[in-house]
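Take a look at the model below. Then read on for a short tour of its fold, its surface and its rings.

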Amino acid sequence: MADPGADPSRLHLTVSAQGRTAWFEPTDKALLLSPVALHAEGKDGRFKHCLDPACNLTSTDILGLWWSATGEDLIFLRRQGWNGGDVGLYRWSPEQKAPRR
């Protein structure tokens with residue numbers, strides 16, 4: 001498997017204690033301020049991305065990305081609301097469709 005950290009377009013790359021990786025990646029690498037989407041390695045070793053609108057944001061909205069202590073879920077902190085004035089904390093499992101707030 002290729003090193004996920006080798007691609008400089010991957011933002012906030014994080015690795016769980018179990019070795020699973022996750023990151024935000026631009027949806028259009030040709031655009032300087034492209035929207036970004038959350039990608040993560042599932043339990044089966046396949047890379048998945050979150051299709052829920054909460055996972056698709058701009059690079060300036062991302063405040064942090066971490067694996068849970070168990071390595072089952074991703075936790076991400078993001079700006080949201082009018083002019084990014086609010087902060088939302090989300091938990092997403094690559095085996096689920098939508099994150100929980």
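## Terms and ground rules

Helices (H or I, at least four residues) and strands (E, at least two) are DSSP runs, numbered from the N terminus. This is a predicted model: local features need pLDDT of at least 70, side-chain atom pairs count only at pLDDT 80 or more, and totals for chains, interfaces and linings use all residues. Residues are numbered from 1 along each chain as its sequence is written, and side-chain values use heavy atoms, with hydrogens and water left out.

## Overall fold

The protein has eight strands and zero helices. Its pattern along the sequence is β-β-β-β-β-β-β-β. The radius of gyration is 13 Å, close to the 13 Å from the globule rule for 101 residues, so the protein is as compact as a globular protein of that length. This radius is taken over C-alpha atoms, and the rule is 2.2 Å times the number of residues to the power 0.38. Along the principal axes, the C-alpha atoms fill a box of roughly 35 × 30 × 20 Å.

Buried residues make up 42% of the 101 residues. Buried means under 20% relative accessible area, exposed means over 50%, and partly exposed is in between (1.4 Å probe, protein chains only).

Most residues other than glycine have a negative phi. Histidine 12 has a positive phi of about 60 degrees, although it is not a glycine. Histidine 12 is found in strand β1 (residues 11–15). It is partly exposed, with a relative accessible area of 37%.

Asparagine 83 also has a positive phi, near 55 degrees. It is found in the loop between β7 (74–80) and β8 (86–92). Asparagine 83 is exposed, at 69% relative accessible area.

## Aromatic rings

How many aromatic pairs does a search of the whole structure find? It finds three. Rings of Phe, Tyr and Trp (its six-membered ring) pair if their centres lie within 6.5 Å; planes under 30 degrees apart count as stacked, over 60 as edge-to-face and the rest as tilted. One of the pairs joins phenylalanine 24 and phenylalanine 76: it is edge-to-face, 5.9 Å centre to centre, with 80 degrees between the planes. Phenylalanine 24 lies in strand β2 (residues 21–26) and phenylalanine 76 in strand β7, so the pair ties together parts 52 residues apart in sequence.

Phenylalanine 76 and tyrosine 90 have ring centres 5.2 Å apart and planes at 10 degrees, so this pair is stacked. The pair links strand β7 to strand β8, with the residues 14 apart. Both phenylalanine 76 and tyrosine 90 are buried. Ring pairs link Phe24, Phe76 and Tyr90 into a cluster.
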